[in-house]
Amino acid sequence: MGALDYLSNFCTVTSTRGKRKAMQTVEIKVKMDCDGCERRVKNAVKTIKGVKTVEVVRKQSRVTVSGYVDANKVLKRVKSTGKRAEFWPYIPYNLVSYPYATQVYDKRAPAGYVRNVTQAIPAPNATDERITHLFSDDNPNACSIM
């Protein structure tokens with residue numbers, strides 16, 4: 001039985017195909033000045049294997065790519081066009097608890113967006129203290145100016 005198992009290892013066909021990448025959306029900030037720049041970036045990204053959709057918003061300098069792709073490969077391909085590119089550094093204003101924290105508010109951000117910084121997002125185990133609780137008579141550490 002041992003010799004049969006040994007020989008069967010040589011005869012079996014193994015699949016060399018790797019795992020399929022997960023469907024994801026990659027957002028990249030790219031400075032585009034004209035229609036030619038926009039077309040060059042869009043065509044470069046569309047040729048990547050696994051890309052389903054490419055959306056370019058020149059007014060926000062934003063490229064959104066959806067598909068079965070690797071984010072670093074998309075960024076590298078956009079940079080190969082000669083444009084300066086980075087991952088989209090902004091998040092919607094309404095998702096941030098502290099939009100005016102240090103390094104969060106950015107004048108160059110599109111309308112309704114602020115920079116994605118860990119200081120702006122509260123810790124999941126943080127407790128919110130209500131103002132009314134801070135100055136109540138039930139709180140022994142409350143303000144005693146009265």
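With which residue does lysine 31 form a salt bridge? Select lysine 31 and aspartate 33 in this predicted model: the two form a salt bridge, with their closest N and O atoms 3.7 Å apart. Lysine 31 counts as exposed, at 53% relative accessibility, and aspartate 33 also counts as exposed, at 53%.

Next, select arginine 62 and glutamate 27, whose side chains meet in a salt bridge of 2.5 Å, N to O. Arginine 62 belongs to strand S3 and glutamate 27 to strand S1, so the pair ties together parts that are 35 residues apart in sequence. Arginine 62 is buried, with a relative accessible area of 11%, whereas glutamate 27 is partly exposed, at 28%.

Now select aspartate 35 and arginine 58, where another salt bridge is found (2.4 Å, N to O). Aspartate 35 is in helix H2 and arginine 58 in the loop between S2 and S3, 23 residues apart. Salt bridges that share partners join Asp35, Glu38 and Arg58 into one network.

Turn to helix H3, residues 71-79, and select its buried residues: Ala71, Val74, Leu75 and Val78. Seen down the axis of H3, they fall within an arc of 95°, so they line one face of the helix. On the other side of H3, select Asn72, Lys73 and Lys76, which are exposed. The buried residues of H3 are covered by elements including strand S1, helix H2, strand S3 and strand S4.

Finally, display the largest nonpolar core, which has 19 residues. Ile28, Val30, Met32, Val63, Val74 and Val78 touch the most other members. H3 gives the most to this core, with 4 residues.

Conventions. Residues numbered from 1 in each chain as written. Predicted model: local features only at pLDDT ≥ 70, side-chain atom pairs only at ≥ 80, totals over all residues. Heavy atoms only, no water. Buried < 20%, exposed > 50% of the residue type's maximum accessible area, 1.4 Å probe, protein only. Helix = DSSP H or I, 4+ residues; strand = E, 2+ residues; numbered from the N terminus. Arc of directions from axis to C-beta. Contact = heavy atoms within 4.5 Å. Core = buried A, V, L, I, M, F, W, Y, C linked by side-chain atoms within 4.5 Å. Salt bridge = Lys/Arg side-chain N within 4 Å of Asp/Glu carboxyl O.
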